[in-house]
Amino acid sequence: MQDRGDWGADPARYCPVSNNIKRRLIVHHSAGYRPRSSTEEKVTLRNIQDFHFGRGWSDIAYNFGAHRYLGLTQLRGFFCLNGANTPANDSTFSIVLLGHMSLNQITDEEKNVILDLADYLNIAPEACPGGCAIGAHQDISATACPGDSTMEWLNAGHPRPKACVC
Ligand SMILES: [Zn+2]
């Protein structure tokens, strides 16, 4: 996992916490520019952090990022409560894709990052048999987030991409 220093994060202003079990990993998109390199991903993350600071928030809202070049990236990380999943922040984690995923297509790299993180978190699978502990922002709030291509994959049961035969 890329840590905060890798993308040049400013320190969080504070770290909200909750002892509640986090039962779901909620997927978001940034609904903005689709970065074309790791450098652009870092700039985009810093811009989102600035935007969220400007809203008076403690930090960039998401726990994690799933990126084409940086891979899995620590945003708030595991410990600080996410701010993206209102009204379910204290029972969920969040992960963000960079781009507008109705105009852009979610890639196999991004899918694998989400699936690997969900496996690692092992977020109460008994609460959601069949591995459906991965959810969408639009499951909990009136929004088009995380975009059509993400929803197509989630609604298909978020299958693991086939390994490339190289
Ligand atoms: Zn969202």
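How many bridges join E1 to E4, and do they run parallel or antiparallel? Six bridges join the two strands, which run parallel.

This is a predicted model, in which local features need pLDDT of at least 70, side-chain atom pairs count only at pLDDT 80 or more, and totals for chains, interfaces and linings use all residues. Residues are numbered from 1 along each chain as its sequence is written.

**Strand E1.** Select residues 24–29. Strands (E, at least two residues) and helices (H or I, at least four) are DSSP runs, numbered from the N terminus. Six of the six residues of E1 are buried, so the strand is largely enclosed by the rest of the structure. Buried means 20 or more other C-beta atoms within 10 Å of the residue's own, exposed means 12 or fewer, and partly exposed lies in between, with C-beta atoms placed from the backbone. Arg-24, Ile-26 and His-28 point one way, while Leu-25, Val-27 and His-29 point the other way.

Strands pair if DSSP finds at least two bridges between them. Gly-135 in E5 is the bridge partner of Ile-26.

**Helix H2.** Select residues 108–121. Glu-110, Lys-111, Val-113, Ile-114 and Ala-118 are buried here. These residues are on the same side of H2 because they cover an arc of only 160° around the axis, taken from the directions from the helix axis to the C-beta atoms. Exposed Asp-119 and Tyr-120 are on the face turned away from the buried side. After H2 comes Asn-122, with a positive phi near 45°.

Terms used
Expected span 1.5 Å × (residues − 1). Contact = placed C-beta atoms within 7 Å.
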